[in-house]
Amino acid sequence: MAEKEVLFTTRVRKATRTIHSVSDALVNAKFAISLSDETVWGGGLFVFYHIFAFLEDAKKRLNMRDYEKLFVTDVLLRKDAFEDDLVHYLGENWQSLPKSLALENYLEHLQNLERENPKLLMAYVYHLYLGLLSGGQILAKKRNVFGNSDTNKYIDRVTDFTNVDIAQLKKDFRQAMNEIAEKMTEDEKQAFIEESSQVFLMNNLIVNSVGGQSKVLYNILYKTSAVVLLLAGVMLAYRLNK
């Protein structure tokens, strides 16, 4: 009996497992700050808005069937939702805010891909929108539970998929990706997988550029120092009572 072929999305997940874990850790560190500092959450929305907006606008520019197929439903489109949230968190003039160098480099990379190999933009669509439907939902729920009570009244639109079966949407999204991959050559599949690692790397860079990184480092150092002091106290007490 012939061995069952591994789904392309499974290959991608296994190949990006390590860099994906690093991204999760970095996002969670930023998230811890955003609970008490809404500007950090707004800053995160700001950097990712530009990426999502580029990918959605590219859908119109490219007129590429497979690229359009990956957007399995208009419910996925988040550009307008991002803009509403940015007005709430950063004010009416959020568009005048400067972009970080990491964000500028990210956008330049996407522009180069659109010119030279637009199929690879699908790697960004796949990972970013799947992330929004997965980790993005978890972060939104945690913010509602642990965030400041005076800010919880506002419901983030970008993570709001009310009346949408997210599990089914993710299933349809992965199926569309696998169907697209069926028409790829092995070289094209490998290029997609390699670009997938680049997606997480560039996401890490723009997340790291969001304000509040010093607070993350302070918290880590503070907790580490507390553990050291505690151990020192235990050792001192042991010697005094020996």
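Arg11 is partly exposed, at 26% relative accessibility. Partly exposed lies between buried, under 20% relative accessible area, and exposed, over 50% (1.4 Å probe, protein chains only). The model is predicted: local features need pLDDT of at least 70, side-chain atom pairs count only at pLDDT 80 or more, and totals for chains, interfaces and linings use all residues. Residues are numbered from 1 along each chain as its sequence is written, and side-chain values use heavy atoms, with hydrogens and water left out.

Arg11 forms a salt bridge with Glu186. A salt bridge is a side-chain nitrogen of Lys or Arg within 4 Å of a carboxyl oxygen of Asp or Glu. Here the closest N and O atoms are 2.9 Å apart. Arg11 lies in helix α1 and Glu186 in helix α10, so the pair ties together parts that are 175 residues apart in sequence. Helices (H or I, at least four residues) and strands (E, at least two) are DSSP runs, numbered from the N terminus. Glu186 is partly exposed, with a relative accessible area of 44%.

Helix α1 spans residues 8–15. Its buried residues are Phe8, Thr9, Thr10 and Val12. Their cover includes α7, α9 (166–181) and α10 (186–208). This cover is a matter of contact, which means heavy atoms within 4.5 Å.

The whole structure holds seven salt bridges. One of them joins the side chains of Lys69 and Glu179, at 2.8 Å from N to O. Lys69 lies in helix α4 (residues 65–70) and Glu179 in helix α9, so this pair ties together parts that are 110 residues apart in sequence. Lys69 is partly exposed, with a relative accessible area of 34%. Glu179 is partly exposed too, at 30%.

Arg61 and Glu114 also meet through their side chains in a salt bridge (2.8 Å, N to O). This pair links distant parts of the chain: Arg61 sits in helix α3 (residues 38–62) and Glu114 in helix α6, 53 residues apart. Arg61 is partly exposed, at 43% relative accessibility. Glu114 counts as buried, at 18%.

Glu114 also takes part in the contact between α6 and α7. Two packed helices are described by the angle between their axes and the distance between the axes. The axes of α6 (residues 101–116) and α7 come within 9 Å and cross at roughly 130 degrees. That makes α6 oblique to α7. Axes are lines fitted to C-alpha atoms, for helices over the stretch in contact, and angles run from 0 to 180 degrees between N-to-C directions. Angles under 35 degrees count as roughly parallel, over 145 as roughly antiparallel, 65 to 115 as roughly perpendicular and the rest as oblique.

From α6, the contact draws on Tyr106, His109, Leu110, Leu113 and Glu114. From α7 come Leu121, Tyr124 and Leu128. Six residues of this contact are nonpolar, one is polar and one is charged. Ala, Val, Leu, Ile, Met, Phe, Trp, Tyr, Cys and Pro count as nonpolar, Asp, Glu, Lys and Arg as charged, and the others, Gly among them, as polar.

Helix α7 (residues 121–133) also holds Leu133. Leu133 is buried, with a relative accessible area of 2%. Leaving out residues up to four places away in sequence, Leu133 touches Leu76, Phe161, Ile166, Leu169 and Lys170. Its C-alpha atom is separated by 9.7 Å from that of Asp160, 27 residues apart along the chain.

Ser23 lies in helix α2 (residues 17–34). Ser23 counts as buried, at 7% relative accessibility. Its contacts are Phe200 and Asn204, not counting residues up to four places away in sequence.

Most residues other than glycine have a negative phi. Asn63 is not a glycine, yet has a positive phi of about 50 degrees. Asn63 is placed in the loop between α3 and α4 and counts as exposed, at 62% relative accessibility. Asn163, also not a glycine, has a positive phi of about 65 degrees. Asn163 lies in the loop between α8 (135–146) and α9 and counts as exposed, at 81%.

The protein chain as a whole has eleven helices and zero strands. Of its 242 residues, 40% count as buried. Among contacts between residues at least 6 apart in sequence, 85% join residues at least 24 apart. The accessible surface comes to about 14,300 Å², of which 55% belongs to carbon and sulfur atoms. Accessible areas come from the Shrake-Rupley method with a 1.4 Å probe; for residues, only the protein chains shown count as cover.
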